[in-house]
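The reader may wish to keep the structure in view throughout.

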Amino acid sequence: MNEQDKMISKLYKETYGNVHASEDLKGKVMNMSNKKNRKAKVIKLVCAIAAATMAVTIGAMAVSASRTQQYDKVYVNGEEKMARFLDYGINTRLWECEANGFCYSVFVHGDFDTEKDTLYFVDYGDYFLASTDPNPTLNLYQEIDKSSFAKIREEDGETYLDVTDDAGTMQICLTNDKNDGAADGKIPNPDSEGTSETYSLLPNGAVVNTIKYEYTPVLDDIMRLFGQDRNSFWNHLHEEVDSNQQNG
């Protein structure tokens, strides 16, 4: 391990003490390259280790993405924010912004019109929800039969949420959903102690995956090690996405 890797490992462990950084972490990022496993974990890892894995992560995320715009207006607990935005070009989109000491990441799988629709983020403490409805609820099981983008199924004693976009179908295990005593689409987030990721539905049936984690200055320190900040990184990501689309 060289000195740069040691610094990355030290800073990463200060933020996520239960994760082993450097080569082990880089391997985890590489294993996310399959387009059917697109998760906000990719974004969180990028934020944590920045340019150390930039090329790998960009390659994973840009497989079938296309740029539409860099920012989109959202509301976080009623406050207007400009969130970083990426359209994968496969009917899946990503928003990310910081507020109240946390980073909020949202994936929407299914129809969404950024010209007409606005996302509302509502923080409930250990988790948050996002919807075009200003008063989102944990509605996955109640509304799933109305969705053309997802279904819940049982297989070999496990519960799965199958989410379909233009690239195919992702399988999300929901078995741990019942660990808190209720099946509600809220699952403990193993990468951010004390928080949960959620799966819910927009009024049009699109699937929303939200992930909340603590935002600390250590993340920016890591970015600065490589002469980057979050905005410049996302700009670079969009450039790579555009280039990949043109060459694909």
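The protein chain contains seven helices and twelve strands. The model is a predicted one. Of the 248 residues in the chain, 52% are buried. The chain exposes about 11400 Å², and carbon and sulfur atoms supply 44% of that area. Among contacts between residues at least 6 apart in sequence, 51% join residues at least 24 apart.

Nine strands form an open sheet with mixed pairing, in the order β6-β5-β1-β2-β3-β4-β12-β11-β10. Strands β6 (128-131) and β10 (186-188) stand at its edges, and each has a single partner strand, so one side of each is left without a neighbour in the sheet. On average, neighbouring strands of this sheet are turned by 25° against each other, direction ignored. In general, the strands of a sheet pair through backbone hydrogen bonds, in either a parallel or an antiparallel sense.

Both senses can be followed from β1. Strand β1 (residues 71-76) pairs with β2 (residues 79-87) in the antiparallel sense over six bridges, and K73 stands opposite M82 in β2. These two strands form a hairpin with two residues between them, and N77 in the turn has a positive phi of about 50°. Strand β1 also pairs with β5 (residues 119-123), here in the parallel sense over three bridges; F121 in β5 is the bridge partner of V76.

Strand β2 continues the pattern towards β3. The pairing of β2 with β3 (residues 92-99) is antiparallel and runs over four bridges, with L86 opposite L94 in β3. This hairpin has four residues between its strands, and G89 in the turn has a positive phi of about 80°.

What does W95 touch, not counting residues up to four places away in sequence? Its contacts include V74, V106, V108, L119 and F121, and also D72, A83, R84, F85, Y104, S105 and F112.

Methods
Residues numbered from 1 in each chain as written. Predicted model: local features only at pLDDT ≥ 70, side-chain atom pairs only at ≥ 80, totals over all residues. Heavy atoms only, no water. Pairing = 2+ DSSP bridges. Axes fitted to C-alpha atoms, helices over the stretch in contact; angles between N-to-C directions. Contact = heavy atoms within 4.5 Å. Buried < 20%, exposed > 50% of the residue type's maximum accessible area, 1.4 Å probe, protein only. Areas by Shrake-Rupley, 256 points an atom, 1.4 Å probe, with all protein chains shown as cover.
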